Amino acid sequence: MYCKKIMIVQTIRRTATCTTQLNYQKAEPSIKLKTHTDSTGVCSPHLSLQLELQSQSMAASTAVTANYVLKPPPYALDALEPHMSKQTLEFHWGKHHRAYVDNLKKQVLGTELEGKPLDHIINKTYNNGDLLPAFNNAAQAWNHEFFWESMKPNGGGKPSGELLALLERDFTSYEKFYEEFNAAAATQFGAGWAWLAYANDKLKVVKTPNAVNPLVLGSFPLLTIDVWEHAYYLDFQNRRPDYIKTFMNNLVSWEAVSARLEAAKTASSSSA
Amino acid sequence: MMTVAVTAISSSSLSYSPLLLHSQGPNRRLLQCERNEKRRLATKVAGSGVITAGFELKPPPYPLDALEPHMSRETLDYHWGKHHRTYVENLNKQIVGTDLDTLSLEEVVLLSYNRGNMLPAFNNAAQAWNHEFFWESIQPGGGGKPTGELLRLIERDFGSFEEFLERFKSAAASNFGSGWTWLAYKANRLEVANAVNPLPTEEDKKLVIVKTPNAVNPLVWDYSPLLTIDTWEHAYYLDFENRRAEYINTFMEKLVSWETVNTRLEAAMVRATQREQEGTDTEEEANPDDEEPEVYLDSDIDVSEVD
């Protein structure tokens, strides 16, 4: 007797570069139904909806190498000053993020994960919480790229349009959302991230430890703040609340969040 | 000679109802605390007639610049002066007026661990304990090799000092996220959490390397911690940025205080012998239904955990 998990696979077209593009882009969604039998033949306790994002194969290179690239933030390293110093960007992006990418490449070389899209690696190695070795590096590589793109020079302020409407709907007010996001980021003990995520037509605030992100929890990430100490130590030492406030008031790119919401809605509505 | 990687265990939830000291399971360390064998690592201070939760921020046993150039004064200023201080202050705020207020720091840690389903005070209490233990694990002019009984046990349980060093460093380097790596003395414990060995032998008493996440420490498994290295990023960021391996090397080569580790080992071995001599009477748990709850936790405790 087999229990089949139904996975809805959606193809999202990516631009033909050699980097892994993490922005959701509008595409002609094609829905493929895949059935997946649990390897032990045992039914899993709940039916989980997994979204597997597939990318086009790397256009330029035919070599089978893990071609993960350290993508620079979409602004100069000093562009977020004085809210996030150039020194922080140099370390955080230039050393931490770079190390995750480099170590991931070494880790997947010669394995079945080599050459697979980052999202695929993350989902596979999350392994329902029983993390496989490549998870930490893969997820951290993804998380950091997502983080840089969550910010912009002269960011902050309030969101508008559809995003604001949904925030007000799901949190009763923007201020309530701000408070909840703030609290999640402040109370994530140890290393981790706080997120605004979208699932089942609802917005929610999520906090995760270490490298975990909402992709593996079945939701679309829309915004994140890195609360590993390396993210704020040089600028704020142990004053994490000040860092969070600065992030919200001066760094968040609501345009990026709105664009992601658009893509997330499109992706989930076409799978309905 | 085992390296145990531990992730936070989440047991079935215990509600915030009255906690029975004895029903915490056979954690004999708690029972010993009851019998006035309290190892008080933090003293209490009551000031100006007002009863306050008074755990004190104890300074390291050396000036803040004494570990230079291996650990900068600036690091000590932040790590001890801000991080450690904040844990102590927040703990005091958290437990003032509750029954945890009358206990030693170690007792608060053990009770609030709550078999892995941590109560609000745990993070601050354990971090306060861990940091005090950490400062005392290092010294100016530290490093080198251990001697005597400690070295003998290391060689017995790890093969050689070099082998121990490699495993300890590797554990510390691979502890992803925030946490600590420990050398601990494990006596009369099976290799399964708190399971008591009914027929303890000399072989059960051994040194182990343990890595823990966030604030967890080996006290909660009734091990005796002997040495620790803090691998939260705040411990090494100012001096080593993201080069944790280099920090660990420096720690082992230039900072670790083997005298302190030795002293702790001696105390741990004495404790283990004493317990054996006390026999099994303490292993038999009184029927919990007969006992009045001895410790209540105020369920309105503020749960803010800002570190």
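This is a predicted model: local features need pLDDT of at least 70, side-chain atom pairs count only at pLDDT 80 or more; totals for chains, interfaces and linings use all residues.

Q: Phe164(B) and Phe168(B): buried or exposed?
A: Both Phe164(B) and Phe168(B) are buried.

Q: How many aromatic pairs are there over all chains?
A: The structure holds 35 of them, counted over all chains. Take Phe147(A) and Trp193(A): their ring centres are 6.1 Å apart and their planes are at 80 degrees, so that pair is edge-to-face.

Q: Where do Phe147(A) and Trp193(A) lie?
A: Phe147(A) is in helix H3 (residues 135-148) of chain A, while Trp193(A) is in strand S4 (residues 192-199) of chain A, so the pair ties together parts that are 46 residues apart in sequence. Phe147(A) and Trp193(A) are both buried.

Q: Switching to helix packing. At what angle do H4 and H8 of chain A cross?
A: Roughly 80 degrees, with the axes of H4 (residues 161-171) and H8 (residues 254-269) of chain A coming within 9 Å. That angle is why H4(A) counts as roughly perpendicular to H8(A).

Q: Which residues make the contact?
A: H4(A) brings Glu162(A), Leu163(A) and Leu166(A), and H8(A) brings Trp254(A), Val257(A), Ser258(A), Leu261(A) and Lys265(A). By type, the contact of H4(A) with H8(A) has 5 nonpolar, 1 polar and 2 charged residues.

Q: What about Ser173(A), where is its place?
A: Ser173(A) is in the loop between H4 and helix H5 (174-187) of chain A.

Q: Is Ser173(A) buried or exposed, and why?
A: Ser173(A) counts as buried because its relative accessibility is 19%, and the cut-off for buried is under 20%. Leaving aside neighbours within four places in sequence, Ser173(A) is in contact with Leu167(A) and Glu168(A).

Q: Last one: what does UniProt place at residues 55-138 of chain B?
A: An unreviewed UniProt entry puts "domain: Manganese/iron superoxide dismutase N-terminal" there. Over residues 55-138 of chain B, the chain is 57% helix and 0% strand, and the end C-alpha atoms are 22 Å apart.

Technical notes:
Residues are numbered from 1 along each chain as its sequence is written. Chains are lettered from A and ligands numbered from 1 in the order in which they are written. Side-chain values use heavy atoms; hydrogens and water are left out. UniProt positions are given in the numbering used here, feature names are shortened, and annotations may be inferred rather than shown by experiment. Helices (H or I, at least four residues) and strands (E, at least two) are DSSP runs, numbered from the N terminus. Axes are lines fitted to C-alpha atoms, for helices over the stretch in contact, and angles run from 0 to 180 degrees between N-to-C directions. Angles under 35 degrees count as roughly parallel, over 145 as roughly antiparallel, 65 to 115 as roughly perpendicular and the rest as oblique. Contact means heavy atoms within 4.5 Å. Ala, Val, Leu, Ile, Met, Phe, Trp, Tyr, Cys and Pro count as nonpolar, Asp, Glu, Lys and Arg as charged, and the others, Gly among them, as polar. Rings of Phe, Tyr and Trp (its six-membered ring) pair if their centres lie within 6.5 Å; planes under 30 degrees apart count as stacked, over 60 as edge-to-face and the rest as tilted. Buried means under 20% relative accessible area, exposed over 50%, partly exposed in between (1.4 Å probe, protein chains only).
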